[in-house]
Amino acid sequence: MDNERTIVGRFAPSPTGRMHLGNVYAALISWLSVKQQGGAWLLRIEDIDPDRSRHDYAEQLMDDLQWVGLHWDIGPFYQSERTALYDEQLARLVATGLTYPCYLSRGEILATQAPHESDGRVVYGPEMRAKNAALTQQATTMRRPAIRLRTVSKNISFTDEHYGPQTVNLEKQCGDFILRRSDGAWAYQLAVVVDDALMGVSEVVRGRDLLLSVPQQLYLYELLGFTPPRFTHFPLLCNAAGQRLCKRDRALDMGELRRRFSPEQIIGQLAFLSGLTPTNEPLSPAELLPFFAWDKLPNSDIYVS
């Protein structure tokens, strides 16, 4: 396959529990976008969190994807098997002089997961660097440090294919971010950039809560000399309280949904909720494909009762 001529999209779930309706929605929008362009859909299992990732969850989510009719063309790949590649790219970043050992633990527990805006965010700027520098003097009596990448105070601008032009100050709004956790686990930002670049991913389609990850990832693309993909974000599926759907929403997990509905009913419901179809009619992903258009999706989040 020639990735210079073939559009490659991807779905990259974390195997930390049963998939829910929001995960299926994310997979569906990603699949529709790349398939409408005649491209290939890649599946990557982001199992870099050693404390929460389980192989049986990965097998389960693949079975759920196949059951609803979302079949991948490339993969599956497992991030846990790609550590040598991350080591190689981390060494290149260390050589820039922009990395440093970080002994601050706040926020590290989420470092190996996609940093959703709705979950809260800690910005590591100059004040945090100074605090860390003081702790570094005590390094001989402390735990192993994380590796953090220093950001610079500059605006990064990009155009999201759905939300339009975006400008973010890298240092003030993103801050220094972790590349490798203190326990040796790889952080989300580094792993996702290395994988997307080396796998030839040309478009990234994901929830709008990851918009603020784009500047950090573009910074890594620049430092590593990789060509960035096109980014498109979509509105989130939220519960009645306005919170994005998560694995805690048991009533909407795939175990429950598969007991109550057919695959076509689930796809049809998602198509109707997202504005792709005017009525809630059962459809397969292939049958939905002619209805897909980015301008049909709203900018505001979608509520599921």
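Q: What makes the pair aspartate 196 and arginine 10 a salt bridge?
A: The closest N and O atoms of aspartate 196 and arginine 10 are 2.9 Å apart. A salt bridge is a side-chain nitrogen of Lys or Arg within 4 Å of a carboxyl oxygen of Asp or Glu, so the pair qualifies. The pair also links distant parts of the chain, with aspartate 196 in helix 6 (residues 188-198) and arginine 10 in strand 1 (residues 8-11), 186 residues apart. Helices (H or I, at least four residues) and strands (E, at least two) are DSSP runs, numbered from the N terminus.

A quick word on the model: it is predicted, local features need pLDDT of at least 70, side-chain atom pairs count only at pLDDT 80 or more, and totals for chains, interfaces and linings use all residues. Residues are numbered from 1 along each chain as its sequence is written, and side-chain values use heavy atoms, leaving out hydrogens and water.

Q: Why is aspartate 196 called buried?
A: Its relative accessible area is 2%, and buried means under 20%, exposed over 50%, partly exposed in between (1.4 Å probe, protein chains only), so aspartate 196 counts as buried. Arginine 10, at 6%, is buried too.

Q: How do you know that glutamate 222 is exposed?
A: Glutamate 222 has a relative accessible area of 51%, so it is exposed. Its salt-bridge partner is lysine 154, with the closest N and O atoms 3.4 Å apart. Lysine 154 has 31% relative accessibility and therefore counts as partly exposed.
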